[in-house]
Amino acid sequence: MATLKAIVKSRTRNGMYNVYIRITQNRQFAYVRTSWMVNDKGLSDDKKDIIDPFVIQQTSILIEKFYNMLNQVDASTWSANEVLTYVTDYGKDLSFSDYARAHIEKLIKRGQERTSRNYKWSLQHMERFAGTDNIMFSRLTSAFLNRWIESLSTTTRSKEQYPVCMREVYKAARREFNDEERGILKLKNPWSNVTIPRSDVPEKRAIPASKLRAFFNVVPDRSKFTHPLMEVG
């Protein structure tokens with residue numbers, strides 16, 4: 001388990017000290033800068049320990065919060081910087097719209113121009129439904145997705161095609177942002193409670209038997225295909 005402690009580094013030009021949370025992990029160090037500052041009176045005589053009561057209280061709350069985050073995962077093999085990234089990014093919302101657009105650009109670069117258009121139209125429809133061009137991942141709950149799919153119910157193919165495209169983008173994001181081996185699950189799977197309808201199958205119209213008989217009973221006029229030089233006088 002990483003060790004966390006509130007510390008200060010060097011004094012700034014205005015005589016104050018910025019307060020940091022030092023992360024010690026496997027003999028490595030990383031630092032989270034906080035918004036608090038102390039002066040000389042807020043430090044011990046050797047300047048190594050913070051004694052300001054307010055700052056001690058606030059940093060203790062933050063450190064407890066970080067420990068609660070780390071208790072949810074096995075971070076024993078992480079570097080100090082990996083711990084830093086985890087505690088500072090924890091709970092941070094991500095833009096699904098931005099991720100989807102980046103995914104579409106990757107499809108285009110791979111030469112999948114036709115496929116990319118389906119993804120683009122799918123995203124545009126979802127954004128119109130959401131009323132924003134920046135849908136966050138937290139917005140994509142099962143309830144939201146089911147309502148969006150319901151809005152597509154009158155379409156023939158889009159009601160299946162659009163959700164499938166957006167589900168594939170979400171799957172790619174989960175593969176990128178989640179690390180199940182280390183217990184990091186930034187994105188849940190709302191699609192597990194979503195049913196995507198099938199596209200409508202065009203009705204097959206049978207050709208009447210009378211028309212089939214008329215077609216096969218036609219005798220072609222081969223005289224039109226006879227070359228003049230082949231005629232016998």
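This is a predicted model: local features need pLDDT of at least 70, side-chain atom pairs count only at pLDDT 80 or more; totals for chains, interfaces and linings use all residues.
Q: Why is threonine 34 called buried?
A: Its relative accessibility is 11%, and buried means under 20%, so threonine 34 counts as buried.

Q: Where does threonine 34 sit, and what does it touch?
A: Threonine 34 belongs to strand β3, which covers residues 28–38. Leaving aside residues up to four places away in sequence, threonine 34 touches Val19, Tyr20, Ile21 and Leu62.

Q: What makes the pairing of threonine 34 with valine 19 a polar contact?
A: A polar atom of the threonine 34 side chain lies 2.8 Å from the backbone oxygen of valine 19.

Q: What does the pair of aspartate 49 and lysine 5 tie together?
A: Aspartate 49 is in the loop between β3 and α1, while lysine 5 is in strand β1, so the pair ties together parts that are 44 residues apart in sequence.

Q: Why are aspartate 49 and lysine 5 called partly exposed?
A: The relative accessible area is 33% for aspartate 49 and 35% for lysine 5. Partly exposed is the range between buried, under 20%, and exposed, over 50%, so both residues belong there.

Q: What makes lysine 47 and aspartate 40 a salt bridge?
A: Their side chains meet at 3.6 Å, N to O, and the limit is 4 Å, so the name applies. Lysine 47 is partly exposed at 36%, as is aspartate 40 at 30%. Asp40 and Lys47 are also linked with Arg11 in a network of salt bridges.

Q: Why are lysine 171 and glutamate 168 separated by about one helical turn?
A: They are three residues apart in helix α6, which spans residues 158–177, and therefore about one helical turn separates them.

Q: How many salt bridges does a search of the whole structure find?
A: The search finds eight.

Notes. Residues are numbered from 1 along each chain as its sequence is written. Side-chain values use heavy atoms; hydrogens and water are left out. Helices (H or I, at least four residues) and strands (E, at least two) are DSSP runs, numbered from the N terminus. Buried means under 20% relative accessible area, exposed over 50%, partly exposed in between (1.4 Å probe, protein chains only). A polar contact is a pair of N or O atoms within 3.5 Å; within protein, one must be able to donate a hydrogen and the other to accept it, and residues adjacent in sequence count only if both atoms are side-chain atoms. Contact means heavy atoms within 4.5 Å.
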